[in-house]
Amino acid sequence: MQHNTPSSDNPATTRAPAPAPSIPRWHVHFKGTGPEDMRKGFLSNLEYTLSKDQYTLTPYDRFLSLSYAVRERIIERWIITQQRYHAVNPKRVYYLSLEFLLGRLLDSNMLNLGLQQSCAQAMANLGFNMEDMIDQESDAGLGNGGLGRLAACFLDSMATLGLPAIGYGIRYEFGIFRQRIVKGHQRELPERWLQQTNPWEIERDEYKCYVRYYGRTVQRPDRTGKKRSRWVDTDVVVAVPYDTPVPGYRNNTVNTLRLWSAHSANEFSLKHFNEGDYIGACEDKLTSENISKVLYPNDSNHSGKELRLKQQYFFTSASLQDIIRRYLKHNDDFSNFADLNAIQLNDTHPAIATVELMRLLIDEHRLEWDQAWNIVVNTFAYTNHTLMPEALEKWPVSMFKYLLPRHLEIIYEINSRFLREVSYQYPGDTARLGRMSLIEEGAEPMVRMAFLAILASHSVNGVAKLHTELLTKGLVKDFYELWPEKFNSKTNGITQRRWLAKCNPPLAALISDRIGDGWVRDLGELKRLAPLADEPAFQQEWQKVKKECRKRLARKLSKWHGIRLNADTMFDVQIKRIHEYKRQLLNAFHCIHLYNRIKSGDTEGFVPRTVLFGGKAAPGYAMAKLSIKFINNVAEVINNDPDAKDLLRVHFVPNYRVTMAELMIPAADLSEQISTAGTEASGTGNMKFALNGALTIGTMDGANIEIREEVGADNIFIFGLNADEVSRLKETGYNPREYYERSSPLKKVIELVSSGFFSQNEPELFQPILDSLLEYGDRFMVLADFDAYAACQEKVCAAYRDPPRWTAMAIRNVASMGRFSSDRTIRQYADEIWNAQPVEVELNR
């Protein structure tokens, strides 16, 4: 038994569900949490863990020593939590996600354990600056945007609410790429977040699993003589788990994020090496480890597509083997599996898990089909995160056939039984059968993974009211008509611990000084700010805090990227994944419109503005990458024109990530949430900005609608077509050129771009952007919404010129954010989908 590290499956725990296990003797004396305790812990780790002294100490060593001291306090609670779970044998929640965008962990872990002040005082007594130490930590690049950040928020809320939960994903060696901007172009570099020691993870080699690929299937009789399929002649990859603790907010609960790393089953061939084939000696190692190298490999080629499917199967197979192993420690058969396990699929990426569980149950554990299928459906739940048809994953049948042949057989059987059921419900409706089939017929037959997830789950949820409505009326209308009871809405949320308490200490302190800190656990407490919205003294304090946040961002961007910001201007911020539907182009066109006004002398009442963009484009997404170049060229022209110096600045902030968001969001005055209505599933950036006192300019899309309901129409800037209007305009025939011809400001913008003004050395550089708008239909209606957007921006300026009005609106936004805590979202999942109950954890000091 290993006593120096915790385990989610501690072999010392008893099999019986009660009573609680006795705590081993070496756990009795818990480490203290005062400043002197943290000082001693820091020095002890510096000497005995890192073998360093004051002469060899590096800045990263200081970060590691403090992290280890904090981790020791987490580990005590981690072990007790897992022992408690094993004693109670509760229903467990498993959250399967291809992304977990965690951000830095030192500061958030100190916050959740209540160690921030003690650590800060201890480090100050040693002459160290806490902010410098925190800045040593790299962001874990395990996600690309909202999907991964939502998963991280959910982990925090599940731990804070005391729900027995484990997150499962992939330990990407390089994760999402590190973005550099070179002459305005995005350049992708490896994100070497594991280049230095990661103090938070613990390898669990004893729980490694074996994941199989390729091979063939054969029919062989089992012990009873019944023929069963066997998957043989397979290649094997070893999945090694690495555990990261996830502490709840000051409740002693510490859950687990388990990430799988791919290793070769035959890492080194001595035979090949001795024959002089040094590359061949390591070929299997290289091929296997590619699976966990990079998040979202470029799938514009066949190899990239195959690697993506390999990744999805890799982590879901390993996770299910792990779940079954844990379950069988307390149970002799599978009769209670669905009662004790809830598996949530975070989007379509893990959908193959449903087929893998069927395979494990019927092939490995000899269950009959109907019993296994009943377990699968009652165990899985599926969250859909997109309204974009192209984002609903489909894989070629031919790829399945050679990569996962047994799974294709199971998919065919599931589909056959399902289509028979549909035919009973809708006799003779062959068109419906074709629409609902798991196999999309065509020149290249495809497996529809989203349909598989819906079919194999007992719950299917959208992530905002509008998203769920559009989902059930559009993309999966046939499934909704067949099973309306399966579908429900769970509006996304954010954790206020990271997105206010951690990232905006000045505002958090101001709020807590006035209403107490109960909002950190219950975000609904913020409603007590509402009566203070018009109080002049409170408004002045609020304005002071906002300016302090703008100055902090200015200091960091100057230090990291040489970007100079004027903290006395309005900070207008759009930070999100670069995609056409998010309409960074609309914002960039407005920047050009403002520039045109400056050049024409139309500056009366002009509000000085700094427009900040940030986000990454998928490596294979040419139009998104061209948009980045466009924004940077526009910025270069505007920022170098003396006429615009004190009125308008535009910057694209490189390598947007969680740490950058934690600086930009508190500094923002205006939050750009301008996606085409009916395209954004929910969005959580809108919630983070509003929670930090930025006002929203946005469309009636995603969670913007629900934010408007909470803050009131007078405290948000809404513009443009709504989802119904977008749909009707498309049906009747949208002609973007009509909008171009009748809008003088828009025409001036497009003509300036077309003239090569922003690309004088390459006059045709941005023609593909203009062609996409004027010649190829303007799919996301940038031109249709431009005039409404520009007019709404004038309303923004009018409000900003009235500081008491603007500040009151900002305070009311923050006061209305209680509904958007991920704690609320997770309670709804637990009560309405998972049927999971919290487990209280006590330290028994």
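## Basis of the values

Because the model is predicted, local features need pLDDT of at least 70 and side-chain atom pairs count only at pLDDT 80 or more, whereas totals for chains, interfaces and linings use all residues. Residues are numbered from 1 along each chain as its sequence is written, and side-chain values use heavy atoms, with hydrogens and water left out.

## Cavities

A search of the whole structure gives seven cavities of 30 Å³ or more. A cavity is a set of points, on a 1 Å grid over the protein atoms alone, where a 1.4 Å probe fits but cannot get out, and its lining residues have an atom within 4 Å of a point; grid points are joined across faces, edges and corners, and a volume is the space filled by probe spheres set on the points.

The largest cavity has a volume of about 240 Å³, and of the 18 residues that line it, Leu105, Ser108, Asp156, Val246 and Arg498 are the closest to its centre. At least two lining residues come from each of α3, α6 (146-160), β9 (235-247) and α20, where helices (H or I, at least four residues) and strands (E, at least two) are DSSP runs numbered from the N terminus. The lining of the largest cavity divides into nine nonpolar, five polar and four charged residues; Ala, Val, Leu, Ile, Met, Phe, Trp, Tyr, Cys and Pro count as nonpolar, Asp, Glu, Lys and Arg as charged, and the others, Gly among them, as polar.

The second largest cavity holds about 160 Å³ of space. Its lining has 17 residues, with Glu137, Ser138, Trp193, Asn198 and Trp200 nearest its centre, and by class there are ten nonpolar, six polar and one charged.

## The second largest pocket

A pocket, by contrast with a cavity, is an open set with protein on both sides within 12 Å along at least five of seven lines. The second largest pocket has a volume of about 820 Å³, and among its 32 lining residues the closest to the centre are Asp107, Gln116, Ala501, Lys502 and Pro505.

Helices that each supply at least two residues of this lining include α3 (106-113), α4 (116-125), α20 (496-502) and α21 (505-515), while the largest share, six residues, comes from α22. The lining of the pocket comprises 17 nonpolar, three polar and twelve charged residues.

Helix α24 (residues 622-639) has 18 residues and reaches 26 Å from its first C-alpha to its last, close to the 26 Å expected at 1.5 Å a residue, the expected span being 1.5 Å times one less than the number of residues. Of the 18 residues of α24, 14 are buried, that is, under 20% relative accessible area with a 1.4 Å probe and protein chains only, while exposed means over 50% and partly exposed lies in between.

In helix α27 (residues 704-711), the residues Asn704, Ile705, Glu706, Ile707 and Val711 are buried, and their cover includes α18 (465-475), β21 (670-673) and α33 (803-815).

Thr354, in helix α12 (residues 352-364), is buried, with a relative accessible area of 1%. Its side chain reaches the backbone oxygen of Ala351 at 2.8 Å, and, not counting residues up to four places away in sequence, Thr354 touches Leu345, Val376, Phe380, Leu452 and Ala456, contact meaning heavy atoms within 4.5 Å.

Ser51 is found in the loop between α1 (35-49) and α2 (59-88) and counts as exposed at 60% relative accessibility.

Terms used. Polar contact = N/O pair within 3.5 Å; in protein donor to acceptor, adjacent residues only side chain to side chain.
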